[in-house]
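Me: I'm new to this one. Can you walk me through it?
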Amino acid sequence: MRDAAPQTVYLSDYTPFPWTVESVELHFTLDPHATRVRSTIRFVPNPAYVKDPDEPVLTMFLHGENVKLIWAQIDEMPVDPEVTATGLRTAVPDGPFTWEAEVEIDPANNTALEGLYMSNGMYCTQCEAEGFRKITFYPDRPDVMSVFTVTIEGPHPVLLSNGNPVVTQKHLAKWHDPWPKPAYLFALVAGDLVAHSDSFTTMSGRDVALNLYVRPGDEGKCAFGMQALKDSMKWDEDVYGREYDLDLFNIVAVDDFNMGAMENKGLNIFNSSAVLASQATSTDTNFERIEAIIAHEYFHNWTGNRITCRDWFQLCLKEGLTVFRDSQFTSDMRSAPVKRIGDVIDLRGRQFAEDQGPLAHPVRPESFQEINNFYTATIYEKGAEVIRMLKTLVGDDAYAQAVTLYFDRHDGDAATIEDWLKVFEDTTGRDLTQFKRWYSQAGTPRLKAEETWAGDTLTLTFTQHTPPSAATPAPQPYVIPIAVGLLGKDGSEVAPTTILEMTQATQSFTFTGLSARPTASILRGFSAPVVLDHAADHAHLLAYDTDPFNRWEAGRTLARNTLIDMMLNGTRPDPAYLRGLQSVLDDTRLDPAYRRLMMALPTQSELATALHDAGHVPEPDIIYATLEALRDAMVQQFQDVLPQLYEDNLVTEAYAPNAEQSGMRALGNAALSLLTRVDGGKLAAEQYDHADNMTQQLAALANLIRAGRGEAALKAFEAQWKDDRLVMDKWFGLQVNEADPEDAHEVAATLTKHPDFNWKNPNRFRAVFGSLAMHHAGFHHASGAGYELLADWLIRLDPVNPQTTARMCSAFQTWKRYDPARRDMILTQVQRILSTPDLSRDTTEMLTRIAAP
Ligand code: TRP
Ligand code: ZN
């Protein structure tokens, strides 16, 4: 048996651990199949643990999985604990004691990439959320914090752990981390690595050594990540007053990693795709993502590490806040409107879909079986939106004061959402009881806005309604900050943005003293994560809205409306939309990146979500064909200006992955993809031949594939990049992304036979199957072949890597919105996976929740 029987954990069952851990000493003797870990742990009775006075706690449970106990002793006396699949239980003295144990683990066979494992001959760890128990026996819970001293013996030139180095010798290193931390922040790395080094002087004048460790050969891909780290350190000082607190900050790039990156104290470990960057091998989108992830992990040093989570139900305490902080950082480094629009597209694409389906859960869930399944868009992205709303409601100054109080009051704590909200209540005197529903209820609120005009008064009446879900059967009204501005007929701003605070199910707000009926611009900046239903003058807003988000949103709404109209009623593309779009495109005063976002049509899955919301059954082939038809209409409308748009946005100066150049390339490439529809790929071929960076090369390749000229270019690309894993991930992914819906599943199946399809590497697996799942019309092919292929591979991957398998199961989460034939086919595959013997706890929980009636 691989996993223990699934057990549900409840927030309401929280009790402190009966002991605190005063210190932890670990000694690693590295060996691929027989690493030895010796631990010395000092336990002291926890005064916060309410003991039954009649019943002293005389046994202790320590987590442990896949660890072989060699020996154990308490206060130097041998003990023989009872060991099960999940841990051990031992008799303990009534008072402080020292536990010592030696265990053996097998990192080379650890394909799950959790605990201590090997990647290309290097050792590394991933302990969040519950991976430390695969390294040694320990109270593996975030509220048990301790000071770690770690000795590593191994034949590798680089031996790293958290904190500061104490001893560095050939084949032996000793590290000490003075900051008490939970075990999930423990990290160890050993390998033949090279460092790209730099330094940072903190606001109080301390020098911090910075290193980015990579495999030999990757040295040329470090400079950008290092700069992003220094920018993040400076930004956190300037904006949040947070200074770094060790002499050393290390980042290590690892090829085999389940997620993007991990914020281990002083030793961040990154998926190489989330840190390595160069002009030739990375796209502008990669650069921006890398900058954001480096910032995110760095910011965790305060929001996550110095103040951690009491239990995993509080995950959004660190993740929502840190995502919010990294989004503020990106807004400051680049363009705030562009960042906001990108975030909302992402939220609608992933979080709204999650909230609409069987996996819906509150930002703070109340129960789980496998915590790894809760690193979700709801906890991360909606968690960040909730903090954004809080800031909107209390204002920037009060937000700054409350957060400062949070850092002062809770530094060193394992805290809760209650603690977080309390600092806002104490700073502002507000009662946040109702606001807290954003943390406790699942589902996306629908917000209906109606206008009435009488005399000189505009009345806005809002109605909120949240569809019930299994997680929240009877949702109560939310506090919704609704940012509203008013525009005149001539486009001037009649009333600047004000925040309406809605607390009731239905509520009206009036604007008086108006000389003429204005156009209302509602939910500016997307001030709350809701679905807005407002019959507004979108064309007027598209032309004039002074709020850049809502101006974009007006175009998006027109696009969505015309697409839905085309689908349901067979109408032609709305000429008013195309004309409105044209005037935005022609307006060269607008940032190219912004104009590019204007041109982007809603995604297929966004349309499926919108159709389902409106009570229709989305038909993937029709959605696809309708988008194609609208793109053809765009080519007709813009034909004359597209060549110029392309030309105007060719970057002539030396490549830089900054916002300005990225925006130009994005807009130019949007023009290119429309032009490819009429020039058969001529311009794309030219661009491919002249590209001196991956953004231009990859965009050209995508267009060549679409123009039916991909074969030769794909061969050339492969020959050029076969030795670069990250670029080859793009090569695998792009072929699926750009495949015709008819044969996307075949393209994916063929790619799995490629000798470089190393399916145990999560990046490579996701390149093919993440892309297939994202290819809406291809994945939902009427034959069901997409579902079946994914299921085949999830069954194969599950015993190797349950975490990545379970995450990819979310491809099936939207099954209920499709037609009966597709529902049946999806459920058949879900059941087929579920009936696999020894299926992991991770995958079992995901699919059981997905298939729940
Ligand atoms: N805490 C990490 C982050 O958000 C997320 C993470 C990295 C993670 N690796 C993981 C979560 C493995 C679960 C399992 O930055
Ligand atoms: Zn995080």
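Reply: First a term: two strands pair if DSSP finds at least two bridges between them. Strands (E, at least two residues) and helices (H or I, at least four) are DSSP runs, numbered from the N terminus. This is a predicted model: local features need pLDDT of at least 70, side-chain atom pairs count only at pLDDT 80 or more, and totals for chains, interfaces and linings use all residues. Residues are numbered from 1 along each chain as its sequence is written.

Me: How many helices and strands does the protein have?
Reply: 27 helices and 31 strands.

Me: Next, how do S14 and S15 pair?
Reply: Strand S14 (residues 164-169) and strand S15 (residues 172-182) are antiparallel, with 5 bridges. Asn164 stands opposite His176 in S15.

Me: And what do S14 and S15 form?
Reply: A hairpin, with 2 residues between the strands. His171 in the turn has a positive phi of about 65°.

Me: What about the sheet with S17, in which order do its strands come?
Reply: S17-S18-S19-S21-S20. That is an open sheet of 5 strands with mixed pairing. S17 (194-201) and S20 (261-262) stand at the edges with a single partner strand each, so one side of each has no neighbour in the sheet.

Me: Which strand do 2 bridges join to S20?
Reply: Strand S21 (residues 267-271), and S20 and S21 run antiparallel. Met262 has Ile269 in S21 as its bridge partner.

Me: New topic. What does the C-alpha trace span along its principal axes?
Reply: About 85 × 65 × 60 Å.

Notes
Chains lettered and ligands numbered in written order. Heavy atoms only, no water.
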